[in-house]
Amino acid sequence: MTVTSDPPVQHAKRPSRLFKNLMAKLASIPMILTALVVFVGGTTWTVVYSFTGSRMLPKTNWVGFDQYERLWDSDRWIISIKNLGIYGSCSMILTLVIGFTLAACLDRKIRFESAFRTIFLYPFALSFVVTGLAWQWILNPDFGLQNVVRGWGWETFNFNPINDPDTVIFGLLIAGLWQGTGLIMCIMLAGLRGIDEDIWKAARVDGIGTVKTYVFVIIPMMRPVFVTSLVLIASGIIKLYDLVVAQTGGGPGLASEVPAKYVIEFMFRAQNLGQGFAASTMMLCSVVIILIPWAYLEFGGRKRA
Amino acid sequence: MPDMTNSTMTGPRGPKPKKSFSRANIFLYGTLIMVSMYYLLPLYVMVVTSLKGMPEIRMGNVFSPPMEVTFEPWVKAWSEACTGINCDGLSRGFGNSVRILIPSILLSIGIASINGYALSNWKFKGSEVFFTILIIGAFIPYQTMLYPIVIMLREIGLMGSIGGLVLVHTVFGMPILTLLFRNYFASIPEELFKAARVDGAGFWQIYFQIMLPMALPIFVVAIILQVTGIWNDFLFGVIYTKPATYPMTVQLNNIVNSVQGIKEYNVNMAATLLTGLVPLVIYFASGKLFVRGIAAGAVKG
């Protein structure tokens with residue numbers, strides 16, 4: 001988080017403190033309302049109501065941790081969590097590896113760099129719905145990739161990650177990587193461009209190979225860039241919803257359900273608000289668990305330095 | 001003999017120049033071209049499929065170019081495709097998306113730029129606290145705020161309307177846009193602001209006459225960020241609108257994933273491309289600025 005802390009602006013002294021900067025205060029009302037009412041208020045409200053037995057409408061019949069017990073007893077939630085775990089860990093590792101490799105390739109002073117960059121980044125401009133539907137069609141078992149490869153003579157070729165419950169999550173992963181790696185590549189490229197040319201000269205003088213220089217010198221130097229990328233990828237993974245709805249609809253069966261979808265299904269379709277609130281509170285907890293160590297590293301370290 | 005040594009001495013010195021087709025280079029370009037193909041494949045397949053007739057799709061290869069080019073699927077996707085009982089195609093969703101997009105952009109960027117200006121030039125007690133909450137709020141999963149917003153929109157009578165969705169986009173666009181403008185205004189020399197203050201200019205006068213004209217590039221970045229973000233939104237559209245006001249992405253999903261009727265893959269792909277067209281045009285037209293917008297978004301992390 002690059003929140004630059006600039007020196008406070010000195011203003012002319014006015015008699016009353018409340019009316020000092022009155023216009024600025026009035027102009028900030030939308031921001032204050034958003035921060036306090038929607039973000040703090042809305043989140044608190046959801047957490048509080050997750051301890052009620054609300055069904056169709058929010059009610060204050062307190063049930064303690066019942067909703068959470070029911071949540072962790074539900075197969076659907078467990079499947080959602082597992083799916084998010086598999087998708088999340090694969091997506092994190094592969095996005096970082098592919099993103100960095102592509103950025104390193106583009107940084108080798110090649111020709112047509114901007115053309116390649118444009119190609120790698122364009123999926124990022126598209127909606128997850130568009131991405132999901134495009135890959136749904138390519139992975140269609142009857143007409144898509146599987147059919148084409150079989151047509152080439154490999155009759156037993158089996159690649160059906162839309163309708164096979166065991167591999168459906170990797171079908172989502174293919175689409176998700178297609179959409180998301182371009183962004184990470186861009187960030188990594190910016191990071192690589194920020195590295196001093198002298199580092200490369202020094203490595204060459206010492207006779208260290210290109211790959212070795214990347215792994216042992218450049219990557220450790222780019223730690224902040226990697227941290228930023230990780231936070232971006234992680235916050236994207238938790239939000240994963242549109243892609244699933246468009247590409248698989250959570251199917252076959254419940255095989256590609258994810259937590260974000262669980263929340264919305266229970267809040268707006270199954271009319272079981274309490275379950276939805278409990279599930280979304282769990283999502284909030286997972287974000288907090290990710291954010292606190294990061295905030296500690298980012299800001300705790302800065303203060304000490 | 002002295003001539004011979006002389007001629008060898010005047011030859012080229014230094015190491016042999018690198019061939020441009022060295023093994024490393026071939027490997028590098030080979031990798032990049034292979035990866036490019038993976039990235040371009042879906043776009044190619046979508047275009048090709050949308051130009052074929054259904055009989056050709058049923059018998060043919062998904063990668064082969066169309067034998068007979070037809071634009072019928074595009075026309076059908078735009079004006080005839082059905083969602084439930086409505087059969088007026090994606091044009092309705094397009095209209096809704098435009099009617100959502102324009103006020104959302106104006107409102108969200110207007111508010112965020114004033115926020116950023118107030119935060120960098122007119123700090124007041126507590127302003128940094130609200131800003132920090134705003135930024136932390138950007139990381140809270142939307143799911144925890146969905147239902148309270150439903151209640152708020154019902155209270156003010158905007159649930160299901162385009163106005164309600166505009167408000168939602170303004171609220172959720174605020175953290176990143178405010179950060180963008182705040183950092184930009186903080187980079188403008190303070191002397192400029194002080195000079196205007198000495199000359200007696202007030203809050204709005206400085207904003208409209210000095211800051212706004214200087215911030216035009218960052219406004220373009222903000223517009224690009226918001227156009228793609230709002231156009232591609234699905235979650236808020238599906239929750240805060242009703243079928244008559246569905247944005248294009250929601251309608252597209254309903255058309256393609258509808259369980260009734262025969263699947264017309266060519267129409268589906270034409271519809272998908274139509275929905276992706278607006279952000280793609282923005283992307284290819286804006287080039288470097290898009291990257292800058294993303295980088296600004298990434299700074300958030």
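Trainee: Leaving aside neighbours within four places in sequence, which residues is A271(B) in contact with?

Mentor: This is a predicted model, in which local features need pLDDT of at least 70, side-chain atom pairs count only at pLDDT 80 or more, and totals for chains, interfaces and linings use all residues. Residues are numbered from 1 along each chain as its sequence is written, while chains are lettered from A and ligands numbered from 1 in the order in which they are written. Two residues are in contact if their C-beta atoms, placed from the backbone, lie within 7 Å. By that rule the partners of A271(B) are A77(B), A81(B), L90(B), L252(B), I255(B) and V256(B).

Trainee: Which residues have the most contacts inside the largest nonpolar core?

Mentor: A nonpolar core is a set of buried Ala, Val, Leu, Ile, Met, Phe, Trp, Tyr and Cys residues joined through C-beta atoms within 7 Å. A residue is buried if 20 or more other C-beta atoms lie within 10 Å of its own, exposed if 12 or fewer, and partly exposed in between, with C-beta atoms placed from the backbone. The largest such core has 154 residues, and those with the most contacts inside it are L240(A), A279(A), L180(B) and A271(B).

Trainee: Which helix gives the largest share of this core?

Mentor: Helices (H or I, at least four residues) and strands (E, at least two) are DSSP runs, numbered from the N terminus. The largest share of the core is 14 residues, and it comes from residues 162–187 of chain B, helix α8.

Trainee: Which element gives the most to the side of chain B that touches chain A?

Mentor: Contact involves 76 residues of chain B and 76 residues of chain A. The side belonging to chain B has 50 nonpolar, 24 polar and two charged residues, where Ala, Val, Leu, Ile, Met, Phe, Trp, Tyr, Cys and Pro count as nonpolar, Asp, Glu, Lys and Arg as charged, and the others, Gly among them, as polar. The element that gives the most, with 11 residues, is α2(B).

Trainee: How far apart are the C-alpha centres of domain 1 of chain B and domain 2 of chain B?

Mentor: Domain bounds come from an automatic or database domain assignment, which gives domain 1 (19–70) and domain 2 (91–299) in chain B. Eight residues of domain 1 of chain B are in contact with seven residues of domain 2 of chain B. The distance between the C-alpha centres of these two domains is 34 Å.

Trainee: Why does K109(A) count as exposed?

Mentor: K109(A) is found in the loop between α4 and α5 (113–121) of chain A. Its phi is near 55°, a positive value in a residue other than glycine. K109(A) counts as exposed because its C-beta neighbours inside 10 Å number 6.

Trainee: Is A255(A) buried or partly exposed?

Mentor: A255(A) lies in the loop between α12 (242–247) and α13 (259–269) of chain A. Not counting residues up to four places away in sequence, A255(A) touches P165(A) and V168(A). With 17 C-beta neighbours inside 10 Å, A255(A) is partly exposed.

Trainee: Which helix of chain A has the highest confidence?

Mentor: Confidence here is pLDDT, the predictor's confidence in each residue, from 0 to 100. The mean over chain A is 86, and 92% of its residues reach 70 or more. In chain A the lowest helix mean is 81, in α14 (residues 273–304), and the highest is 94, in helix α4 (residues 75–106).
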